[in-house]
Amino acid sequence: MTCEEIRELLEFHDLGLLEPDERRAVSEHLATGCETCARSLATARELNALVLTATDLPEPPASLRDRVLNTLSGSRRPQRSWMAWTGYAIAASLAVVGVWLGASLSQEERDLADARAALKQATISEQNLQQAIQLLRDPVTQLTAAGTGPAGVYYLNQKRGVLLIANNMEQLQPGRTYQMWILPKDQAPRPAGLFQPLGDGSAIHLFPSLVDLATVTAVAVTDEPASGSSAPTTTPFLVAKVGE
Amino acid sequence: MTGFDPPQNLWLLLPLSLAMLSPADEAALLDRIRRRDPQAAADLYSRFGRLVFSVTLRISQNRETAEDLTQEVFLRVWNRAAQYDRKRGELGSWILTIARHIAIDHVRSAASRAQRSETPFPDAREHVQLSALTTDPELLERARRVRQALHRLDEKQRQVIQLAYFEGLSQSEMADRLGQPLGTVKTWTRAALKLLREELAEVAA
């Protein structure tokens, strides 16, 4: 592509809207250090910012400032706590265990937004957070609920892994951790990651991995030494059957 | 559904200069954000809160959703400040990009789409009250010109700009949505962007 052709694409490049071949061509060209196109890219970014803000700028409610600042300071959770959402999810899953998740998520989009905000505050990395959100969004994700004391919902996705959202978890003794397990049919339990509960007994854990759901019979959690175990050493709880 | 109804509060035209910091101010703010200075959070919101809310509202078309998304945007900015690279553009532009991505990501869910209503670009002749805070006349002029240019686009051109900027559709996705050949969509897009670029270039000249 010529510089002129590249410059035709820079706004959409900045917006992330180019087709893969165009994106590659633009990236490769910019990587050559072409100064003219680099300047054009800066102009394209400014144009994009101006178009995005070429709207009346309504005053946000005063309460939003407090919500944002509280969230950033970590002093409290977003207003509609994710526990409410978890409660909904648990109720829904108990009512219709194994329901396809897509529909309920559609109805609860706002709650999902809260869960996403809560996920951000949880001890979960940014990358895992994105993966967790994708998993929750994926219409083929299944859910299955477990537990009555400690209670949780597992979200299972063949390609994206297993996400556990739980509450009423007991605080661990020092030097201990919770460990998730995937139980394949006729095979030893497969370790599925370590996690700690938050101070309020809630927990979010993502095991991002391919999971052959056709062979999985159950998922569960155990209390293990801090480095984790290769096989469960305590009684499993939060046991949920899969695929029945 | 919340759209761009007649304003009841004070509506401002593009106090974008609020979002433009000198490189030194920007570096200082970023440094404070990275140190988790609580006052930095307040400054960050004061400077960008309204812009972020506006973009998320424009895209989500729902005030409550826009509030949630605004919260999410600031969390993302707060957590990713360490990764921000000034070479990739102004801080304000980076934050707007994040806001747009998060909001489009959100509305792409089927539920949100069902709640959406078509909203045209707001009328350029309305709400021209300028903030006393707008301190950069050149920037204001560029903003004004772009805004006017948007209103000079014909319906097709305006539609592709709307779909790209506020709904996140690529040109082939637009072609599908509009039931038009890809070449036609490309023609509309090229013409729209050309007009907008020329308008910006004229101010710069």
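Buried means under 20% relative accessible area, exposed means over 50%, and partly exposed lies in between, with a 1.4 Å probe and protein chains only.

Please keep in mind that this is a predicted model, in which local features need pLDDT of at least 70 and side-chain atom pairs count only at pLDDT 80 or more, while totals for chains, interfaces and linings use all residues. Residues are numbered from 1 along each chain as its sequence is written, chains are lettered from A and ligands numbered from 1 in the order in which they are written, and side-chain values use heavy atoms, with hydrogens and water left out.

**The four-stranded sheet**

In chain A, four strands make an open sheet in the order 6-5-8-9, with antiparallel pairing. Its edges are strand 6 (190-195) and strand 9 (237-241) of chain A, each of which pairs on one side only. On average, neighbouring strands of this sheet are turned by 20 degrees against each other, direction ignored; the axes behind such angles are lines fitted to C-alpha atoms, for helices over the stretch in contact, and angles run from 0 to 180 degrees between N-to-C directions. As background, strands of a sheet pair through backbone hydrogen bonds, either parallel or antiparallel. Two strands count as paired if DSSP finds at least two bridges between them.

| Strand pair (chain A) | Bridges |
|---|---|
| Strand 5 and strand 8 | nine bridges |
| Strand 5 and strand 6 | four bridges |
| Strand 8 (residues 216-225) and strand 9 | three bridges |
| Strand 2 and strand 3 (residues 151-157) | five bridges |

**A second hairpin**

Strand 2 (residues 142-146) of chain A is largely enclosed by the rest of the structure, because five of its five residues are buried. Both of its faces are covered: Gln142(A), Thr144(A) and Ala146(A) are buried on one side, and Leu143(A) and Ala145(A) on the other. Ala146(A) has Gly152(A) in strand 3 of chain A as its bridge partner. The hairpin of these two strands has four residues between them, and Gly147(A) takes a positive phi near 85 degrees there.

**A pocket lined by both chains**

The second largest pocket has a volume of about 300 Å³. Of the 15 residues that line this pocket, the closest to its centre are Glu11(A), Ser40(A), Thr43(A), Ala44(A) and Arg197(B). A pocket, on a 1 Å grid over the protein atoms alone, is an open set of points where a 1.4 Å probe fits, with protein on both sides within 12 Å along at least five of seven lines; lining residues have an atom within 4 Å of a point. Grid points are joined across faces, edges and corners, and the volume is the space filled by probe spheres set on them.

Helix 1 (3-8), helix 2 (10-15) and helix 4 (35-52) of chain A, together with helix 9 (182-204) of chain B, each supply at least two lining residues. Helix 4 of chain A gives the most, with five residues. The lining divides into six nonpolar, two polar and seven charged residues. In this count Ala, Val, Leu, Ile, Met, Phe, Trp, Tyr, Cys and Pro are nonpolar, Asp, Glu, Lys and Arg are charged, and the others, Gly among them, are polar.

**Cysteines without a bond**

Over all chains, the structure has zero disulfides, a disulfide being a pair of cysteine sulfur atoms within 2.5 Å. The sulfur of Cys3(A) is 3.8 Å from the closest cysteine sulfur, in Cys34(A), which is too far for a bond. Cys37(A) is in no disulfide either, and the nearest cysteine sulfur, that of Cys34(A), is 3.7 Å away. Cys37(A) is buried, at 0% relative accessibility, whereas Cys3(A) is partly exposed, at 28%.

**Chain B in brief**

Chain B holds nine helices and one strand, and 53% of its 205 residues are buried.
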